[in-house]
Amino acid sequence: HLYIFTILISCTDSFFVHHVYFLQQKLGEDERTVLCLRYGINDGITRTVTLVASEMRQTKSWVRSQECRALRKLRRPWYEKRLREHKESLQASHSMPL
């Protein structure tokens with residue numbers, strides 16, 4: 001049972017990675033970079049607005065505006081629908097009978 005549980009967790013993590021990658025492709029380069037740094041998507045290390053601003057050599061207000069713009073885009077119904085379709089296609093292609 002532990003083996004099956006481990007496989008299911010691995011598949012769930014794989015689905016999550018695919019979703020994050022899919023969503024990142026819908027954002028502009030600056031928006032993607034800001035979100036990845038702020039929320040630690042690539043390296044697991046979250047950063048403050050101040051740290052992101054200094055790493056990107058931008059102002060804090062610029063970082064905040066990029067973050068807000070990216071999150072606003074991701075909240076649009078179109079993205080939600082596309083993500084749902086993407087998730088369903090991944091589940092169909094990776095379905096495992098138990």
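Modeller: Gladly! Let's begin with rings: those of Phe, Tyr and Trp (its six-membered ring) pair if their centres lie within 6.5 Å. A pair of aromatic rings is described by the distance of the centres and the angle of the planes. This is a predicted model.

Colleague: How many aromatic pairs does a search of the whole structure find?

Modeller: The search finds zero. One ring does have a charge over its face, though: R38 sits over Y39, at 5.8 Å from the ring centre.

Colleague: Thanks! Next, how do I read helix packing?

Modeller: Two packed helices are described by the angle between their axes and the distance between the axes. Here, helix α2 (residues 29–39) packs with α4 at an angle of about 100°, and their axes are 9 Å apart. That makes α2 roughly perpendicular to α4. On the α2 side, the contact residues include V34, L35, R38 and Y39, and on the α4 side W62 and V63 are among them. By class, this contact has eight nonpolar, one polar and six charged residues.

Colleague: At what angle do helix α3 and helix α4 pack?

Modeller: Helix α3 (residues 49–56) and helix α4 (residues 60–74) pack at about 105°, with axes 8 Å apart. The two are therefore roughly perpendicular to each other. V49, T50, V52, A53 and M56 of α3 meet K60, W62, V63, R64 and E67 of α4.

Colleague: Where is confidence lowest, and where is it highest?

Modeller: Confidence is lowest in helix α1 (residues 2–24), with a mean of 53, and highest in α3, at 97. Over residues 1–12, pLDDT stays under 50. The mean pLDDT of the protein chain is 76.

Conventions
Residues are numbered from 1 along each chain as its sequence is written. This is a predicted model: local features need pLDDT of at least 70, side-chain atom pairs count only at pLDDT 80 or more; totals for chains, interfaces and linings use all residues. Side-chain values use heavy atoms; hydrogens and water are left out. Rings of Phe, Tyr and Trp (its six-membered ring) pair if their centres lie within 6.5 Å; planes under 30 degrees apart count as stacked, over 60 as edge-to-face and the rest as tilted. A charge sits over a ring if NZ of Lys or CZ of Arg is within 6 Å of the ring centre and within 35 degrees of the ring normal. Axes are lines fitted to C-alpha atoms, for helices over the stretch in contact, and angles run from 0 to 180 degrees between N-to-C directions. Helices (H or I, at least four residues) and strands (E, at least two) are DSSP runs, numbered from the N terminus. Angles under 35 degrees count as roughly parallel, over 145 as roughly antiparallel, 65 to 115 as roughly perpendicular and the rest as oblique. Contact means heavy atoms within 4.5 Å. pLDDT is the predictor's confidence in each residue, from 0 to 100. Ala, Val, Leu, Ile, Met, Phe, Trp, Tyr, Cys and Pro count as nonpolar, Asp, Glu, Lys and Arg as charged, and the others, Gly among them, as polar.
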